[in-house]
Amino acid sequence: MQRAKVNQSINLKDYNDIWVIGEQREGKIHPVTIELIGEAKKLASEIGKKVIVVVAGYEIEEEVKKLLNYGVDKVLYIKSPLLKTFSTDGYAISISNLILERKPEIVLVGATSIGRDIGPRIAAKIGTGLVADCTKLDIDPTDGKILQTRPAFGGNLMATIICPINRPQMATVRPGVMQKAQHIDNPTGVVEEITPNLTEADIIAKVIEIVKSGKKRVNLIDAKIIVSGGRGVKGPEGFELIKALADALGGEVGSSRACVDAGWIDSMHQVGQTGTTVRPEIYFACGISGAIQHLAGMSESKYIVAINTDSTAPIFKVCDFGIVGDLKEVIPAMIEGIEKGKAFEI
Ligand SMILES: Cc1cc2nc3c(=O)[nH]c(=O)nc-3n(C[C@H](O)[C@H](O)[C@H](O)COP(=O)(O)OP(=O)(O)OC[C@H]3O[C@@H](n4cnc5c(N)ncnc54)[C@H](O)[C@@H]3O)c2cc1C
C-alpha cells in the first residue's frame, strides 16, 4: 500500500482562519451553511480565529450579504457567470485556488450531494486530507488542532481523526448535525468579491438541462415531529399506519434502513448513519430495534417515544417514553386520542 504524501514544505504558522464553504442552490443559501457557521464560531472562540464563509455563484449579492447576519467576519463571494449553475470543475477549481492563495487553517464543507462532490476534489487539488461525514468537531486543548470524530467500522465505533502535518484541516459535516448560528441584527463583517481565474474550457462537464425529480421531497431535517417505521411494520402497507399518525400530528414519515432495503419505502425517508440526521422536537420510533446506525441519526431528538413488542429492544435505553406493545394496536389508540384532543380544543 502506498503511503499518502506529506507536504514537507508547509509552515503551519502560515495558515489562519476557519472557512466554511457555503452552499447555494438556485441562489438560495442551503441551511447546512448556517449550521457550519455555528460550528465554526464555536471552534473559533476556542482558538481565537476569524470565521470566513466562501460562496461561489453569480447574481446572488443579496443572499450573500444575509450571511453576515450570522456573525461571520467576512464572506468571500467568488462571482462569475461561469458559476451561476453548479459545476464540479468550476466550483472545485475556483475554491481550491482561493484556498491556496489565502491559506485557511480549517475548512468545513457540508456533506450534501454538492459538498461530497467538491470536498474530496478540493482536498486533492490542494494536497491535504479530508475527514468525511464528521458528527463532532473539537479543539485539542494541547495544540489547537481539530479533533474530527466520525463513525467507523459500520458505525460500531467512533473514530477521532487528526490532520497533524498538512493544512488546511478539512472536514465534511452532515446536514442537521450541528446547531445553527444565531441570527444577529447589527453585523460587522464584510463581503469581498473575488473574480476567479476560470475559463469555460476549465469546466469539462457541461450542464445541458436540469430535470427536477417529480417526487414530493420529504423534509426530515426541519421537521419538528417525525414518526418513523421499522421492520416491525411488517411490510409497505404498515407505513399507512405510520403515515396516519404522522398526519394526525402534522409530522413527517421516517424509516429505518431495513425498510428502505426491503423496498417498503423510498430512501429519502431513511434516518440514520447512511440516511438523514434529524433532531426534531419529538421522534416516534415504531417497530425499530434501535441499532447503533439508526441511533446515530436521531439520538439528538428532544424527546424520543418508542413503541416495540420487545421490552429488551435497545431503543428503550435511549427513549424518553417507551410503550411495550404491538404498533398495530398502539398507533390507532394514539390517533384516536389525538383526534379526541383536537375535538376538545375546538
Ligand atoms: C454501514 C451501515 C450503515 C447503516 N445505516 C443505517 C441507517 O442509516 N439507518 C438505519 O436505520 N439502519 C442502518 N443500518 C442498519 C442497522 O444496522 C439495522 O439493521 C437497522 O436499523 C434495523 O432496522 P429495524 O430496527 O427497522 O429492524 P430490526 O432490527 O429488525 O427491528 C425491528 C423491531 O421491530 C419490533 N417489532 C416487531 N413487530 C412489532 C410490532 N408488531 N409492533 C412493535 N414492534 C415490533 C421488534 O421487536 C424489533 O425490535 C446500517 C447498517 C450498516 C452496517
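View 1. At least two lining residues are supplied by each of α3 (88-102), β6 (104-110) and α4, where helices (H or I, at least four residues) and strands (E, at least two) are DSSP runs numbered from the N terminus. The structure is a predicted model, in which local features need pLDDT of at least 70 and side-chain atom pairs count only at pLDDT 80 or more, while totals for chains, interfaces and linings use all residues. Residues are numbered from 1 along each chain as its sequence is written, and side-chain values use heavy atoms, with hydrogens and water left out. One cavity of 30 Å³ or more is present in the structure, and the space in the largest cavity comes to about 80 Å³. On a 1 Å grid over the protein atoms alone, a cavity is a set of points where a 1.4 Å probe fits but cannot get out, a pocket is an open set with protein on both sides within 12 Å along at least five of seven lines, and lining residues have an atom within 4 Å of a point. A volume is the space filled by probe spheres set on the points, which are joined across faces, edges and corners. The residues that line the largest cavity are Ile21, Gly22, Glu23, Gln24, Tyr91, Ile95, Val109, Gly110, Ile114, Gly115 and Ile118, and α4 gives the most to this lining, with three residues. By class, six of the lining residues are nonpolar, four are polar and one is charged; Ala, Val, Leu, Ile, Met, Phe, Trp, Tyr, Cys and Pro count as nonpolar, Asp, Glu, Lys and Arg as charged, and the others, Gly among them, as polar.

View 2. The volume of the largest pocket is about 1600 Å³. It is lined by 39 residues, of which Arg25, His30, Thr112, Ser113 and Arg217 are the closest to its centre. Two or more lining residues come from each of β2 (24-25), β3 (28-29), α1 (31-47) and α4 (113-126), and the largest share, three residues, belongs to α4. The lining of the largest pocket is made up of 14 nonpolar, 14 polar and 11 charged residues. Domain 1 (12-202) and domain 2 (225-345) each contribute at least three residues to this lining, the domain bounds being taken from an automatic or database domain assignment.

View 3. The elements that give two or more residues to the lining are α1, β9 (146-152) and α7, with the largest share, three residues, coming from α7. Seven nonpolar, seven polar and nine charged residues form the lining of the second largest pocket, and at least three residues come from each of domain 1 (12-202) and domain 2 (225-345).

View 4. A backbone N or O atom of Arg257 is 2.9 Å from an oxygen atom of the ligand, and for a backbone N or O atom of Gly275 the distance to a ligand oxygen atom is 3.3 Å. From Asn308, a polar side-chain atom lies 2.7 Å from an oxygen atom of the ligand, a polar contact being a pair of N or O atoms within 3.5 Å.

View 5. Arg167 and Pro168 are joined by a cis peptide bond with an omega of about -5°. Pro168 is placed in the loop between β10 (157-161) and β11 (169-173).

**View 6. Asp17 has a positive phi.** Although Asp17 is not a glycine, its phi is positive, at about 70°. Asp17 is found in strand β1 (residues 16-21).

Terms used: Polar contact = N/O pair within 3.5 Å; in protein donor to acceptor, adjacent residues only side chain to side chain.
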